[in-house]
Amino acid sequence: MLQFARFAAVRATLAVTTLLLVSFIVFSLMELVPGDCAERYIAFKNTQGAVITTADIDAERVRLGLDKPYVERWGRWVVNAFQGEFGDSCILRLNISQLLGDKFKISLAICLAALVLAYLIAIPVGIYAAVSKNRIVNNFLRFVSYLGLALPNFLLALMIMLFSTVYFGESLTGLFSKEFRDAAWSWPKVQDFLQHAWLPIFILGWSATAFAIQTVRALMSDEVGKLYVTAAEARGVSGGKLLWRYPAKHALTPIVNSLGFDLNRIFNELPVVALILTLTEAGSLLIDALAKSNDQQMAGAIIFLLTASIVTINFLTDILLAIMDPRVRRSIIK
Amino acid sequence: MSKADIEAQKVKEAYFTASQHQLIWQRFKKNKSALVGAWVLIALILSGLFSPFLTPYDPTIAGRNADYLNGAPEIPRFWDENGFSIRPFIYTTERTRSIQTNFRWVTEVKTGLEDRRYVYFFVEGSEYSLFGIKMNTHLFGVDKGFIHLFGTDSTGKDIFSRTFAAVNTSMAVGTIGVFIAFVMALLVGGISGYYGGWIDSVLQMITDTIRTVPAIPLFMALAAFIPDTWSAEMRFFFISLILGFINWPTLARRVRTHLLTERNQEYVLAAQLCGATPGHVIRKHLLPSFTSYIIVDLVISFPYMVLSETALSFIGLGLKDPVNSLGVMLQNVTNADVLLNYQWYFIPVIFFITLVLAFVFVGDGLRDAADPYGDSH
């Protein structure tokens, strides 16, 4: 038990270190933008008709703490970031956590749903593909997984939009109906959300599914031919029970480990899909911040949050794997 | 020994003495889909390189047809109610505005015999430079007016010409990006794999961190630095540069793993015992042992580069107008007008799916072929 706690502690430290490195990259990106917050605030005041001097800018810098050394400011940003507090956006002069609101949670929910959907499809299909000798099925699945790469999510989103507009006269975009957009969360709002969210979930899950089928198939085909499976078969276990209880259990545990990277891939596509489907969540906010308003504080916060969720998933899956897989467990507890 | 036996012996000998590249090529040839992919790929690369010759007009605003904005594709035909013609032709279109059209601009198609525009091959057109040679011959064109096989966009630029130029751009972006990623990966992965120990640990920590950050959002943040004042060419190089910088960690990891496993192989020890210098070992033994794998990795990572560039240009953070790429061409397609009325904006998508699929097939075929255990199944 103590060894397990030590393992968890080491993993947690690694996760935090990774996040610190990421926060350094993100913070540096924010700082590299020409013109700091003080200049922007004062420039705004200037547009309001105030006469400003260099002294004013310097005073503003002191007020915002921008005169402190780089490392100190980074440290403060990180400490706040770990508490979910990202300060104010210079452009909008509003608190970032307030601006983000539920939007990041919605993004995360959609992406996780896409991930779950991908594996719900990929595990049975992948297992079937590994066992089946049917050439047509195998070639078809091979083609689908190639297409998963060649037709990336955002092109798929575009195509679906094209067809739905041409044939149904409706573009299937957005996350909420008009009447719920600014309403507080309630059961009807959740229902409305689900009615809209299935399409982004499907689209974001598309590439992930194609990749997951490939992975599951490869892992299963390695396992299916092994002697213990034959032995189990000789004992009279057969069909789905045989597959599920013997090779699948072995083959599928490594998948737990790759969940973080799958989530990474889904996040990758999120902003562009969000833009196409005009979703009102963190992905489109990120594009707005970078492509339109040049709001690096907001962009930094979103990128940090995205990475933080990946790191968290990686940490959780490491722990989960250690609990689930006796082989891993034994390597920890010697 | 009979003649057949000798033949068989020869085949066997050729197999055992074949170099690695010959072996890979032999295995690759057997894979039909990869071979088809390779031909498609070569055709696309060539059509990209020769796009100024193959396409009738300049893909930038210089080649616009101001009288045919958002024009539908014009398919050459051989006959209509006015009779048959050996030479394919298209109709003349004219933009008119009058009291009949409620003073709106309307494109009118004239189908009369005298309004036929005949398609000619090797026609003289706008001047372009192909590999430094100034030319003005285009593969095809019409005797008067314009021909737009894939239609035109909102400014009257020929989508056919733009598509081929875009294929070329994507290949160029991909090549530069892959090259940069390759150099970075060799450097970091090489150092990491060769020295091992704490240097390896630190470098791995950094590469793993970069791999954790979602690439496209990070990419967007970097691309946002490009000032608006930069020229299209500078933008192009900067975008390729970041593409390379973001895609190196995966490759670096592979290089490192290869080096770490190969370094402890017996043949390396044998070479060292014979007194070979480290430089000799790296050049003559270690590098050849995985060049084929690295090439495979590069081919596989190519489509990712192309797709990242497309995504980036699509949201307006990548390449911009005078440069043509799929992302640039798709920039305005999400508005309802295009979706409902001008679906030919989507024609380039077909070319890009083909390009990426061809790359994936070739990459997969190469990976299988480079696998020394590939013969077992």
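## Surroundings of B:F219

Leaving aside neighbours within four places in sequence, B:F219 is in contact (C-beta atoms, placed from the backbone, within 7 Å) with B:I242, B:I246, B:S308 and B:L312. The model is a predicted one, in which local features need pLDDT of at least 70 and side-chain atom pairs count only at pLDDT 80 or more, while totals for chains, interfaces and linings use all residues. Residues are numbered from 1 along each chain as its sequence is written, and chains are lettered from A and ligands numbered from 1 in the order in which they are written.

Helix 7 spans residues 215–223 and is mostly covered, with nine of its nine residues buried.

B:F219 is also, together with A:V273, A:I302 and B:V356, among the residues with the most contacts inside the largest nonpolar core, which has 158 residues. Such a core is a set of buried Ala, Val, Leu, Ile, Met, Phe, Trp, Tyr and Cys residues joined through C-beta atoms within 7 Å.

## Chain B as a whole

The secondary structure of chain B comes to 13 helices and five strands, taken as DSSP runs numbered from the N terminus (helices H or I, at least four residues; strands E, at least two). Strand 1 (residues 77–80) and strand 2 (residues 83–96) of chain B pair in the antiparallel sense over three bridges, where pairing requires that DSSP finds at least two bridges; these two strands form a hairpin with two residues between them, and B:R77 stands opposite B:F89 in strand 2.

Buried residues make up 38% of the 377 residues in chain B, and its C-alpha trace spans about 95 × 65 × 40 Å along the principal axes.

## Two domains

For chain B, the domain assignment, whose bounds come from an automatic or database source, gives domain 1 (56–154) and domain 2 (163–369). The C-alpha centres of domain 1 and domain 2 of chain B lie 39 Å apart, and eight residues of domain 1 are in contact with eight residues of domain 2.

Definitions and conventions: Buried ≥ 20, exposed ≤ 12 C-beta atoms within 10 Å, placed from the backbone. Contact = placed C-beta atoms within 7 Å.
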